[in-house]
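Student: I've got a protein model open and I'd like to learn how to read its helices. Can you walk me through it?

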Amino acid sequence: MRIGTFVLAAQFPGQGPGEALHRAVRSAEAAEESGLDSVWLAEHHFVPYGVCPSATTLAALLLGRTRRIRVGTAVSVLPNHHPVALGEQAALLHLTSGGRFSLGVGRGGPWVDLEVFGGGLDAYENGFPEALELLLDWLREPRVAGRGERFGFREVAVVPRADELLDGAAGAAGTSGPEVIVACTSPKSVRLAAGRALPMLLGMHCGDEEKAEMVALWRTAAREAGHPPEVVEGAAHVSAGVAQIADGPGDATETLVKTMPGWLRQGLDAHVTVDARHRVMRDPVAYTELLCALHPVGPPQLAADRLAATAERTGITRFALLVEGSGDLAATEENVRRLGTDVLPLLT
């Protein structure tokens with residue numbers, strides 16, 4: 001079982017972005033201190049739901065401040081980035097961190113980001129497969145040309161090569177670049193990831209049954225794409241969720257129901273669609289209660305039991321858990337500490 005944190009840099013009502021980012025950085029440092037496996041960083045633009053606009057930039061900071069823990073993006077929104085530029089950043093972080101960086105990518109949403117960054121609605125609706133393919137080429141090949149509908153350019157050398165990681169003990173070149181993981185929310189995206197044998201990141205709004213169905217679909221599609229059994233069965237998918245640890249049976253839920261709806265209401269309502277399409281916002285209280293029911297929210301044994309049950313039902317043994325739901329720095333650090341000291345030993 002590999003337990004990590006999911007960092008949104010959530011800006012709660014009454015807080016500034018600096019406070020949210022400081023809490024995000026400290027929670028990541030606490031994750032390493034507490035023996036957790038990884039930290040996953042989200043990217044958002046123009047909304048207080050999450051005030052980190054560049055997951056790769058924050059990843060660079062955290063990789064420099066830590067020595068052991070894996071740091072990944074969950075996710076870098078591919079329609080907002082040129083795949084080559086993102087690939088260069090990923091290679092740089094992979095090489096300079098000794099292989100501790102994971103690149104998570106996703107399609108994002110139909111937000112005004114697409115207008116601001118110039119991708120346009122087509123990049124969101126149709127362009128993700130081409131962008132993903134170009135990104136993978138950049139991370140795996142010595143020379144790359146853009147030959148798609150959106151990205152066209154002459155062949156250029158890949159510098160630095162992501163697969164030239166030095167093994168400090170042996171002094172020999174490695175053979176692979178950074179892990180690439182794909183956020184999947186639909187059968188289409190599941191099949192896209194499976195066709196390339198890329199592990200999935202599954203959202204915290206999904207229950208175990210839905211995640212199990214997506215894993216089963218991924219395995220079927222990966223086998224149909226010709227990937228060998230050891231690749232199909234060994235895919236290290238990641239399940240996103242929420243974690244809040246407290247001693248009393250209802251204390252953790254009470255904490256989150258008091259704090260998260262205000263953040264969700266403020267953050268989700270700030271999203272603006274690029275084409276004025278109608279969207280329905282989740283009820284913040286009902287959504288918070290759903291998350292508390294699905295995920296490790298409660299005493300340590302309950303939290304461990306829920307993680308173990310998800311692993312058994314879905315086959316997923318990697319977790320990215322939102323730990324900042326209290327909105328408070330000290331409480332977030334304590335929550336991370338308890339994940340490491342009180343929950344993790346119950347899973348080994």
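Student: At roughly what angle do the axes of α1 and α2 cross?

Tutor: Keep in mind that this is a predicted model. Here's the general idea: two packed helices are described by the angle between their axes and the distance between the axes. In this case, the axes of α1 and α2 cross at roughly 40 degrees and come within 10 Å. The two helices are therefore oblique to each other, and the crossing is right-handed.

Student: Which residues make the contact?

Tutor: From α1 you have V25, A28 and E29, and from α2 there are L58, L61, L62 and R65. Sort the residues of this contact and you get five nonpolar, no polar and two charged.

Student: Which residues of α2 are buried?

Tutor: In α2, which spans residues 55-65, the buried ones are A55, T56, L58, A59, L62 and L63. They sit on the same side of α2, because they cover an arc of only 155 degrees around the axis. The general idea is that an α-helix has 3.6 residues a turn, so residues three or four places apart point the same way.

Student: What covers the buried residues of α2?

Tutor: Several elements do, including α1, β2, β3, β4, α3 and β5.

Student: Let me try another pair. How far apart are the axes of α7 and α8?

Tutor: They're 8 Å apart, and α7 (residues 187-195) packs against α8 (residues 208-224) at an angle of about 45 degrees. That angle makes α7 oblique to α8. The crossing here is right-handed. Among the contact residues are V190 and A194 of α7, and L217 and W218 of α8.

Technical notes. Residues are numbered from 1 along each chain as its sequence is written. This is a predicted model: local features need pLDDT of at least 70, side-chain atom pairs count only at pLDDT 80 or more; totals for chains, interfaces and linings use all residues. Side-chain values use heavy atoms; hydrogens and water are left out. Buried means under 20% relative accessible area, exposed over 50%, partly exposed in between (1.4 Å probe, protein chains only). Helices (H or I, at least four residues) and strands (E, at least two) are DSSP runs, numbered from the N terminus. The arc is that of the directions from the helix axis to the C-beta atoms. Contact means heavy atoms within 4.5 Å. Axes are lines fitted to C-alpha atoms, for helices over the stretch in contact, and angles run from 0 to 180 degrees between N-to-C directions. Angles under 35 degrees count as roughly parallel, over 145 as roughly antiparallel, 65 to 115 as roughly perpendicular and the rest as oblique. A crossing is left-handed if the near helix is turned anticlockwise from the far one by less than a right angle, and right-handed if clockwise. Ala, Val, Leu, Ile, Met, Phe, Trp, Tyr, Cys and Pro count as nonpolar, Asp, Glu, Lys and Arg as charged, and the others, Gly among them, as polar.
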